[in-house]
Amino acid sequence: MSSGPTRGVASPTKRRRAVSCARALQDRLAACMASDGSLGGCRSQGDGAVCRCPAVMFDDRAKHHKVNELSNDFNRALWCVARGLLDSSSRERLVVDFFMAKGHSSHVLAHGLTASVARRWRLGGFEMDAGLSQAAAESLGRFGGASVVKSCERWPQSGVVVVNGKAPTRHTEADCLRRLCGNGADLVVLDPDFQILMQEEFFLLEDLCRPAMYAVNNINLAAHGGWIKEYLVTVGWLELAAGSSPDFNSFLNAAQGKGNALALSLRSWSLLLRPEHACRL
Ligand SMILES: C[S@@+](CC[C@H](N)C(=O)[O-])C[C@H]1O[C@@H](n2cnc3c(N)ncnc32)[C@H](O)[C@@H]1O
């Protein structure tokens, strides 16, 4: 049963307070994103070479891959939220990277969580491609272990979890998501593919995970998840940060029928905060 949309902060006084707390968080986030230490401290590898950041997974195609670009603000925002903007209480922190692929965004998140003051954290998500799930677990294993699970009956007690399967759209198929979210998530990252609209998945996440924040990528592109940002703002969520990152694969993506190359050359993102959490972080 869906709990439905909630404005969360009902009275004007509470709303003003939430907005003021959110402004302070915005300042902290902007300072972190601009700092030399963001993404673990990025260093040029020599004349003309690509700049490498410890938080960013590096591979042979790094120069051409959007998520490895130093200019990628989405990575900086994810790292900074994981590093310092989540709940500072002693409870376990939970981040869901809903579509993990090979684990680029998860790598950034895990690196940020490791650099944070949190003693305990968990990270997990879904990936329907078996090869990508395995690759994600291999690269994320360095953060204290990572497992690929196909069924949630044997749920790992620690480490990163990659659920190899389709993300659930209904309560009846959501056992893994229920286990993953437990008492609620701090952050859910939504980085969908072309034509993955997440209409059912999003409301299931709201019911089972109720995250304090969503980071939504590709909000400027047709047939992606931009509606989620608009929906959340409409029901009173606060936008903490937004930006665009270049995608140097746009011609390839266009050739694969994912849209127009010019439109695909920039990917916009938004970081949204549940208003009733604004003064708790
Ligand atoms: C844009 S990629 C995610 C990239 C990831 N954030 C990263 O930085 O590496 C989207 C991934 O979602 C997977 N995917 C798409 N629909 C899915 C679904 N319904 N359930 C599980 N995985 C899905 C695709 O296989 C693809 O690898």
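This report describes the fold, helix packing, core and ligand surroundings of one predicted model.

Local features are given where pLDDT is at least 70 and side-chain atom pairs count only at pLDDT 80 or more, while totals for chains, interfaces and linings use all residues. Residues are numbered from 1 along each chain as its sequence is written.

**Overall make-up**

The chain holds nine helices and 10 strands; these are DSSP runs numbered from the N terminus, helices being H or I of at least four residues and strands E of at least two. Of its 281 residues, 43% count as buried. A residue is buried if 20 or more other C-beta atoms lie within 10 Å of its own, exposed if 12 or fewer, and partly exposed in between, with C-beta atoms placed from the backbone. Among contacts with a separation of 6 or more, 73% join residues 24 or more positions apart; two residues are in contact if their C-beta atoms, placed from the backbone, lie within 7 Å.

**Helix packing**

Two packed helices are described by the angle between their axes and the distance between the axes. Here axes are lines fitted to C-alpha atoms, for helices over the stretch in contact, and angles run from 0 to 180 degrees between N-to-C directions.

| Helix pair | Angle | Axis distance |
|---|---|---|
| H2 (residues 73–85) and H3 | roughly 35 degrees | within 7 Å |
| H1 (residues 12–34) and H2 | about 120 degrees | 9 Å |

The crossing of H2 and H3 is right-handed. A crossing is right-handed if the near helix is turned clockwise from the far one by less than a right angle, and left-handed if anticlockwise. Residues of H2 in this contact include Leu78 and Trp79, and those of H3 include Ser105 and Val108. By class, the contact of H2 with H3 has eight nonpolar, four polar and one charged residues. The classes are nonpolar (Ala, Val, Leu, Ile, Met, Phe, Trp, Tyr, Cys and Pro), charged (Asp, Glu, Lys and Arg) and polar (the others, Gly among them).

H1 also passes H2 in a right-handed crossing. Leu25 and Arg28 of H1 are among the residues making that contact, as are Asp73 and Arg76 of H2. The contact of H1 with H2 has seven nonpolar, one polar and four charged residues.

**Nonpolar core**

The largest nonpolar core has 73 residues, and Leu78, Val81, Val96, Leu187, Val188 and Ala215 have the most contacts inside it. Such a core is a set of buried Ala, Val, Leu, Ile, Met, Phe, Trp, Tyr and Cys residues joined through C-beta atoms within 7 Å. H2 gives the largest share of this core, eight residues. Not counting residues up to four places away in sequence, Ala215 touches Ala77, Leu78, Leu187, Val189, Trp269 and Leu271.

**Around the ligand**

The ligand is surrounded by 17 residues, the closest being Phe99, Ala101, His104, Ser105 and Asp191; a residue is near the ligand if its C-beta atom, placed from the backbone, lies within 6 Å of it. Eight of the shell residues are nonpolar, three polar and six charged. Helix H3 (104–115) and strand E4 (121–127) each supply at least two residues of this shell.

Ala101 lies in the loop between strand E3 (93–99) and H3. Ala101 has a positive phi of about 50 degrees although it is not a glycine. Ala101 counts as partly exposed because it has 19 C-beta neighbours inside 10 Å.
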